[in-house]
Amino acid sequence: MGVLILVSVINLVSSDALCDKNVDLNLVLDNSASIPASQFGQIKTQSINFLNLFNDSNQRVGLVDFARQGNLIQGLTYDFFQVAVGINSMTQLGGGTNMG
């Protein structure tokens, strides 16, 4: 469900409409096997597209993945390149999503 919302937001906002407010944002991505393998690459691509809507001079972004438990990949940083590296290095884990 969260992936569909993210994709919808990206499609509604033009590429030249960057967010310029002071923001701390954590991207939380499901990398469990409950996401079809064919969609996992799309999640990563769309997450980087979403990241590109922000301004790294006054906004910080972090990255968390979750499957059985949450895992901090990148703490809040102004270095969006490192967040993109973290997104690209994510692999899909076996098992389902632990939402409890």
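**The sheet and its neighbours**

Author: Start with a pair of side chains. Arginine 60 and aspartate 24 meet in a salt bridge, 2.7 Å from N to O. (A salt bridge is a side-chain nitrogen of Lys or Arg within 4 Å of a carboxyl oxygen of Asp or Glu.) Arginine 60 belongs to strand β2 and aspartate 24 to strand β1, so the pair ties together parts that are 36 residues apart in sequence. The structure holds one salt bridge, and this is the pair that forms it. Both partners are partly exposed: arginine 60 has a relative accessible area of 27%, and aspartate 24 has 48%. (Buried means under 20%, exposed over 50%, partly exposed in between, with a 1.4 Å probe and protein chains only.)

A word on the numbers. The model is predicted, so local features need pLDDT of at least 70, side-chain atom pairs count only at pLDDT 80 or more, and totals for chains, interfaces and linings use all residues. Residues are numbered from 1 along each chain as its sequence is written, and side-chain values use heavy atoms, leaving out hydrogens and water.

Now step back. The protein has three helices and three strands. (These are DSSP runs numbered from the N terminus: helices are H or I, at least four residues; strands are E, at least two.) From the N terminus on, the order is α-β-α-β-β-α. Of the 100 residues, 32% count as buried. Take the contacts between residues at least 6 apart in sequence: 72% of them join residues at least 24 apart. (Contact means heavy atoms within 4.5 Å.)

The three strands make an open sheet in the order β1-β2-β3, with mixed pairing. (Two strands pair if DSSP finds at least two bridges between them.) The edge strands are β1 (23–30) and β3 (70–77), and each pairs on one side only. From one strand to the next, the twist averages 15 degrees.

Strands β1 and β2 (residues 59–66) run parallel, joined by eight bridges. In that pairing, leucine 25 has valine 61 of β2 as its bridge partner. Strands β2 and β3 run antiparallel, joined by five bridges. Here aspartate 65 stands opposite asparagine 71 in β3. Three residues lie between β2 and β3, and the two strands form a hairpin.

Strand β2 is mostly covered, with seven of its eight residues buried. In a regular strand the side chains alternate between the two faces of the sheet. Buried or exposed? Leucine 72 counts as exposed, at 58% relative accessibility. Set aside its neighbours within four places in sequence, and leucine 72 is in contact with Leu63 and Val64. Asparagine 26 is 46 residues from leucine 72 in sequence, and 9.8 Å from it in space, C-alpha to C-alpha.

Next, the helices on the sheet. Strands β1 and β2, with their eight bridges, are touched by helix α2, which packs on the sheet with its direction at about 175 degrees to that of β1. Helix α3 packs on the sheet too, touching β1, β2 and β3; its direction makes about 15 degrees with that of β2. (Angles run from 0 to 180 degrees between N-to-C directions, and axes are lines fitted to C-alpha atoms, for helices over the stretch in contact.)

The two helices also pack on each other. Helix α2 (residues 37–51) and helix α3 (residues 80–89) meet at an angle of about 170 degrees, with axes 9 Å apart. They are therefore roughly antiparallel to each other. (Under 35 degrees is roughly parallel, over 145 roughly antiparallel, 65 to 115 roughly perpendicular, the rest oblique.) Which residues make this contact? Lys44, Ser47, Ile48 and Leu51 come from α2; Phe80, Val83, Ala84, Ile87 and Asn88 come from α3. They divide into six nonpolar, two polar and one charged. (Nonpolar covers Ala, Val, Leu, Ile, Met, Phe, Trp, Tyr, Cys and Pro; charged covers Asp, Glu, Lys and Arg; the others, Gly among them, are polar.)

One last residue. Phenylalanine 81 is found in helix α3. At 58% relative accessibility, phenylalanine 81 counts as exposed. Its C-alpha atom is 9.7 Å from that of leucine 51, 30 residues away along the chain.
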